[in-house]
Amino acid sequence: MTNARPSTPPPSNEPVRAYAPGSDARAALQQRLRELRGQRVDVPAIIGGEAVFTGATTEMVVPHEHSHVLGEFHHAGADEVAQAIDAAQAAKGEWAAMDFADRAAIFLRAADLLAGPWRDTLNAATMLGQSKNAHQAEIDAACELIDFFRFNVHYAEQLYAEQPNSPGAAWNQMQYRPLEGFVLAVTPFNFTSIQGNLPTAPALMGNTVLWKPSERATYAAYFLYKLLEEAGLPDGVINFLPAENGADVGDPALASEHFAGLHFTGSAGTFNHLWSSIGERLPTYRTYPTIVGETGGKDFIVAHASADVDAVATAIVRGSFEYQGQKCSASSRLYMPASIWPEIRAEVAAQLDTITTGPPEDFTNFVNAVIDQRAFDEITAYIDAAAASDDAEIIMGGAYDDSDGYFIEPTVIQAHDPHYATMEEEIFGPVTTVYVYPDDDFAGTLDLVDETSPYALTGAIFARDRAVIRQAMDRLEQAAGNFYINDKPTGAVVGQQPFGGARRSGTNDKAGSWLNLVRWVSPRAIKETFTPATHYSYPWNAPDAA
Ligand code: NAD
């Protein structure tokens with residue numbers, strides 16, 4: 001047994017590969033895309049390291065070519081959840097007792113496997129299963145997840161090192177115990193990195209986990225599980241439970257007395273439901289559960305008349321339409337001053353004219369398909385309603401076609417009423433809405449921005465006037481957990497802009513930072529006295545001298 005107390009390697013952000021024409025990286029990714037397209041995978045539940053094929057299955061299809069089946073996944077239900085809870089509880093003792101250096105090494109190895117031999121597989125799976133272009137897959141499935149693994153190890157080490165004072169004849173320690181019970185990780189479709197982070201962050205802190213991957217992105221999630229297995233994650237630490245209906249896993253998991261924490265990312269509606277279910281069952285749990293949930297957004301860009309027109313237009317195009325607007329941080333309400341709006345509008349239109357929508361296997365397509373038929377129907381209903389409304393008009397895009405894949409053209413709606421539905425509701429697609437305000441009502445517009453939406457996730461101010469930037473930062477203090485000055489409101493980087501928002505956007509526990517990891521421990525304060533008192537009496541208790 002070594003007596004070393006090793007420091008973990010200092011993390012730095014994984015460089016983003018360019019995939020330029022003629023590069024080896026592009027050729028390798030294209031080759032992996034062809035290989036995966038040529039195979040079908042049968043995805044089981046994985047409980048205590050054992051594959052469980054339940055026989056009740058759902059097909060996984062390519063969103064941009066829905067006739068192409070990638071494979072099928074087997075549904076977990078109440079029986080599998082019960083087995084997974086047993087497996088998680090059985091694995092817990094050894095995992096929690098494992099030296100942190102060993103737990104850390106497993107996730108550092110996962111980072112290196114993903115940066116190297118597994119990179120093309122995770123990127124290609126994300127491109128095929130979630131319709132991301134090469135760049136969007138690279139910044140998500142590769143870089144962000146590698147960063148989560150490496151930075152979380154670093155933050156965990158810092159957290160464990162945080163110890164109380166020991167001023168006298170006692171030695172005080174803080175033990176960072178994992179939660180008593182299992183953590184349920186419930187993940188969204190839109191980021192492979194989030195699917196990876198939600199089960200692994202609690203696991204790094206010594207917890208064991210039931211992971212319910214998104215039924216809309218189980219394909220990449222399965223490859224991710226296999227990567228963790230190769231990295232050396234012991235059986236039962238993370239139990240993989242795919243399901244077509246989230247409740248089939250959620251309900252029995254929340255019904256267990258051993259449920260100790262929820263790590264959720266998804267819509268506010270689902271989170272509200274889960275929190276209410278937990279509240280109803282509270283007396284049945286052995287411990288008050290930790291609840292961490294990052295939810296939706298209605299993210300804004302506000303431009304001031306002093307803003308740089310091309311910078312605003314570019315932020316609108318990238319912020320609203322990259323990954324088809326299916327980012328919780330996507331800009332979906334725009335407040336533009338009347339004086340420069342005609343120029344911004346012309347530049348957005350000119351940039352959108354050069355964008356093509358189509359399959360990500362063709363690297364020239366900037367915009368790909370939305371995730372599935374349900375999303376397609378929900379998003380296009382907003383477009384149809386805007387086309388028919390007197391309060392709004394479609395000024396760019398608006399076309400859609402689901403005959404081969406779920407394609408929706410980048411669409412800009414102009415709202416004449418700042419409370420028109422698409423200024424207020426999360427659409428989660430390539431649709432953004434602009435409201436043009438009179439230049440002399442900038443202060444009133446900031447009030448509008450703050451009060452329009454129940455969400456408070458991301459937002460951006462564009463201005464060159466420094467006093468205006470300060471005014472917006474102050475007035476919009478509670479309107480966004482991630483605030484951007486002269487930059488688009490998407491693209492947060494682990495270790496640089498820890499991510500999360502408040503109000504209806506979640507518990508704001510900042511994924512990829514110590515603030516998140518601290519939620520997965522239950523600290524125990526320990527005092528050891530070296531020379532204990534041997535009698536109860538104190539000097540103050542003695543009588544005054546005569
Ligand atoms: P969703 O709410 O439809 O689903 C999220 C997960 O919850 C899925 O795995 C689903 O199966 C599961 N689920 C649903 N009902 C359940 C139940 N009763 N019990 C257990 N699990 C259940 O969300 P989605 O469509 O996958 O993701 C998009 C949403 O996620 C958007 O609202 C987006 O803004 C949000 N999001 C937020 C962040 C953030 O950091 N704030 C990041 C990414 C996505």
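Two strands pair if DSSP finds at least two bridges between them. Strands (E, at least two residues) and helices (H or I, at least four) are DSSP runs, numbered from the N terminus. On that basis, three bridges join β1 to strand β5 (residues 65-74), and the two run parallel.

The model is predicted: local features need pLDDT of at least 70, side-chain atom pairs count only at pLDDT 80 or more, and totals for chains, interfaces and linings use all residues. Residues are numbered from 1 along each chain as its sequence is written, and side-chain values use heavy atoms, with hydrogens and water left out.

**Sheet**

- The three strands form an open sheet in the order β1-β5-β4, with mixed pairing.
- β1 (41-43) and β4 (57-62) are the edge strands; each has a single partner strand, so one side of each lacks a neighbour in the sheet.
- From one strand to the next, the twist averages 40°.

**Helix packing**

- Two packed helices are described by the angle between their axes and the distance between the axes.
- Helix α3 (residues 100-115) packs against helix α7 (residues 218-231) at an angle of about 125°, and their axes are 8 Å apart.
- Axes are lines fitted to C-alpha atoms, for helices over the stretch in contact, and angles run from 0 to 180 degrees between N-to-C directions.
- That angle makes α3 oblique to α7 (under 35 degrees counts as roughly parallel, over 145 as roughly antiparallel, 65 to 115 as roughly perpendicular, and the rest as oblique).
- The crossing of α3 and α7 is right-handed, meaning that the near helix is turned clockwise from the far one by less than a right angle.
- On the α3 side, the contact (heavy atoms within 4.5 Å) is made by I106, F107, R109, A110, L113 and L114; on the α7 side, by L227, L228, E230 and A231.
- By class, the contact of α3 with α7 has eight nonpolar residues, two charged and no polar ones (Ala, Val, Leu, Ile, Met, Phe, Trp, Tyr, Cys and Pro count as nonpolar, Asp, Glu, Lys and Arg as charged, and the others, Gly among them, as polar).

- F428, in the loop between α13 (421-424) and β18 (431-437), is not a glycine, yet its phi is positive, near 60°.
- With 22% relative accessibility, F428 counts as partly exposed (buried is under 20% relative accessible area, exposed over 50%, partly exposed in between, with a 1.4 Å probe and protein chains only).
- K510 is not a glycine either, and has a positive phi of about 50°.
- K510 lies in the loop between β22 (502-503) and α16 (514-517), and at 12% relative accessibility K510 counts as buried.
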